[in-house]
Amino acid sequence: MIDPFSPALLARAGAAPEVAGIIALGLALSLTCLGPLPHAARALLRLTLPAGGGMRARQLGGAARLGLRAGVLAGIALGGTVAGGPGALVAAVTAAALLLVLCDLRWRWLPMEWTLALASSGLLLALVTGEIAAALVAGIALALPLAGLALAYRQLRGMDGLGMGDVLLSAAIAIHLGLLSGTIVLATAALAALAAEILLRRDRSATPGAPRGAPLGAWLAFCFACAAPASMII
């Protein structure tokens, strides 16, 4: 059984390290080949180049895509070299989360290709280790309240406050980390998004075209990206 106070990801990967390595490779391929990597590359350039660097960003697009692909594969290879299959899987999950951060910060979009791949990788590992029921329960238990909140917000305000990407990402986090750790990640992300919204609200008038609303998905993915590797150290 998985210890409720330790991330399920490590326990399951440690129980089936070879399978964890194969799943990490599959997730890496979905990140570098199947997902909307050009959008993440453009988001990275827009966030790092100075204002007015749109032309420069277009010129560097190919190099940015190549760099992201190389970085994802190199990180997973390094994780596998240092800690075998579990290390490779943690690196792949972290890479997926960081790519989601880029997309949500720039486009307010969590690509379903990556959120589904992230959730599927956790479910596959749980299936191999005999923890599929626990993984499904954790994912549903964390995603259902968010789905209900999203529906209620849409009914009350007539607009979307939470997207399906946020719901799928929260489910993927719980599948990988377990319900307790997933809840902690969700609560931390929500508090960080709220704090950022309060601090940045005063600057909205200076940037009329800036997207409104706190990017909860970006904070979710960032906290997940921090939690996954930290669990190997702590």
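Contact here means that heavy atoms lie within 4.5 Å. This is a predicted model, in which local features need pLDDT of at least 70 and side-chain atom pairs count only at pLDDT 80 or more, while totals for chains, interfaces and linings use all residues. Residues are numbered from 1 along each chain as its sequence is written, and side-chain values use heavy atoms, with hydrogens and water left out. The chain has 10 helices and 0 strands, where helices (H or I, at least four residues) and strands (E, at least two) are DSSP runs numbered from the N terminus.

**The chain as a whole**
- Of the 234 residues of the chain, 43% count as buried, a term that stands for under 20% relative accessible area, with exposed over 50% and partly exposed in between (1.4 Å probe, protein chains only).
- Among contacts between residues at least 6 apart in sequence, 76% join residues at least 24 apart.

**Helix α8**
- The 14 residues of α8 (residues 164-177) should span 20 Å at 1.5 Å a residue, and the end C-alpha atoms of this helix are 20 Å apart, which agrees; the expected span is 1.5 Å times one less than the number of residues.
- Because 12 of its 14 residues are buried, α8 is largely enclosed by the rest of the structure, and the elements that cover these buried residues include α1 (8-15), α5 (61-107), α6 (112-128), α7 (132-157), α9 (179-200) and α10 (216-233).
- After α8 comes G178, whose phi is positive, near 95°.

**Helices α2 and α6**
- Helix α2 (residues 17-34) packs with α6 at an angle of about 170°, their axes being 10 Å apart; axes are lines fitted to C-alpha atoms, for helices over the stretch in contact, and angles run from 0 to 180 degrees between N-to-C directions.
- That angle makes α2 roughly antiparallel to α6, a label for angles over 145 degrees.
- Residues of α2 including V19, I23 and L34 meet residues of α6, among them E113, S121 and V128.

**The nonpolar core**
- A nonpolar core is a set of buried Ala, Val, Leu, Ile, Met, Phe, Trp, Tyr and Cys residues joined through side-chain atoms within 4.5 Å.
- The largest such core has 64 residues, of which L31, L89, L99, W114, L118, L169 and L220 touch the most other members, and its largest share, 17 residues, comes from α5.
- L118 touches L27, V93, A96, L100, L169, A172, H176 and F224, when residues up to four places away in sequence are not counted.

Technical notes:
Angles under 35 degrees count as roughly parallel, over 145 as roughly antiparallel, 65 to 115 as roughly perpendicular and the rest as oblique.
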